[in-house]
Amino acid sequence: MLEGVRERLWALARRLQRLERRELDAFLRWIERTGNLLHLSVLLFVPLLIAVVTWLANATAAVSFLLFPPLASGTYTLFADPEGTYATPSTFVGGMTVGALCGWLALALATLVGLGGGRVSATGAALGVFFTGVCTWALDLEEPAAFSTALLVLLTGNAQLAYVIGIVISSAFVAVAFVVWRRHFYQQRARYLYGTTSGDDHVLVPMNDADETVARFAASIATAHDAGKVVLFDVVDEQHDDVDVDSDDEFPPIERAADDAARHLESLAADLETAYDVSCDAVVAAARDQSAGLVLRTARQQNCDLVVAPYAEHENGGLSSFLKGLFDSEIDVIAFRSNGIRRRHWRSSLVAVRGAGDTARAMVDFAIRITEPGRPVTVSTCIDDESRRRPAENTLADLVDAFSGRFETHVVTAPVETYLSRVAPRYDVCFVGSSTDRSAASRFVSPPTFRKLSDLEADVAIVHRGRHR
């Protein structure tokens, strides 16, 4: 009885662990999106920084509570749009400070000419806004919060100097915190958040009927990381019609086939190690065929987090059952189709994306790895109406901004297959998504892009982003 209870408890614990991993993976996928990351940063950092400034206001008279409204709105602007027009420390600090000084000057002039009467001087308010507009325009410090500080200084009574000093201190503190966050986290988010930039460095290549170009493509990807490794995997048929199962000589034909396959893989592995300076192993298994399940089990055993397999279709079109099996896994997969040219290196690459999701980021990362150093990676998206151009441009900007390197971005008003057929001859390889992250209904309405690219004059890499389970 106790043994049964113990087993049920262990089963419950394992189920909870799987649920925890799935929830964590879902959260990581969510936060990888730039918009979600910015919203979360606003929720975390804006209240925290305002809390610190509040503590300073309580601790010293140099900080007035009247600076909170412009400071809160300015801080939100910084973290919500870190690459925007107002997201520079000089604009943030300078704009708020100039606004406060202009308001102070306007109030002094209004008082000097006898127009400073009333609880709040209307003349001072008008002059303050006018001076702020002129000064921020002339100094290129245009910032909405500057007009707030120009007006709020009118409420400080005889503490205008203390208010200006408080603006300088508090805004400088927020600006320093913002610069640290943007430089060491936001601009490095690909390194911290995007799995492919730190993973996908152990690559398994199923070699049954595969062109050596597939293995070279995998080596080009793996060599980008110091810990890169390529595992060449082949299968020999464990059934032979010419073998008498009752004979004592049942296994030598299998062993000879395995030895031949191993020698071939080891020769190719040595060539890859020399050409790409990457560690390369060879693995041979005996089985009826090279199934997706066998490849995935081998990838797990060899600690591989990426499979690069040759592209294959059914006779009636669509992905082969082998590739479908690979795509239905937690491991990243690239289905590679060569255009017939036996390349050793890929000088230029084109990445065709629908959005800025994790599959698009993986494609950009892989393209960076294989593209010749110094040459830009082209990232493109197709739209069906010019009204969608601005959002598409912003999407591409968000996508490439997370990576270091050179990029070209294209937004094209044309069907994707028409665009790619036209520009493909300019590139060595084109990256497209597998569409496994789309619903079945979405794929039915809009078939995956790779189905329309059978005659593309470039190598094609179809990228599937695995899901951790």
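When I call a residue buried, I mean that its relative accessible area is under 20%, with exposed meaning over 50% and partly exposed in between, computed with a 1.4 Å probe on protein chains only. This is a predicted model, in which local features need pLDDT of at least 70 and side-chain atom pairs count only at pLDDT 80 or more, while totals for chains, interfaces and linings use all residues. Residues are numbered from 1 along each chain as its sequence is written, and side-chain values use heavy atoms, with hydrogens and water left out.

Let me turn to the salt bridges, each being a side-chain nitrogen of Lys or Arg within 4 Å of a carboxyl oxygen of Asp or Glu; by this rule the count is 12.

One of them joins Asp 281 to Lys 229, with the closest N and O atoms 3.0 Å apart. Because Asp 281 sits in strand β3 (residues 279–287) and Lys 229 in strand β2 (residues 229–237), the pair ties together parts that are 52 residues apart in sequence; strands here are DSSP runs of E, at least two residues, and helices are runs of H or I, at least four, numbered from the N terminus. Lys 229 is buried at 18% relative accessibility, whereas Asp 281 is partly exposed at 29%.

Within helix α11 (residues 252–276), Asp 260 and Arg 263 lie three residues apart, about one turn of the helix, and their side chains meet in a salt bridge at 2.3 Å, N to O. Here Asp 260 is partly exposed at 44%, and Arg 263 is exposed at 52%.

Finally, Glu 212, Arg 216 and Asp 271 are linked in a salt-bridge network.
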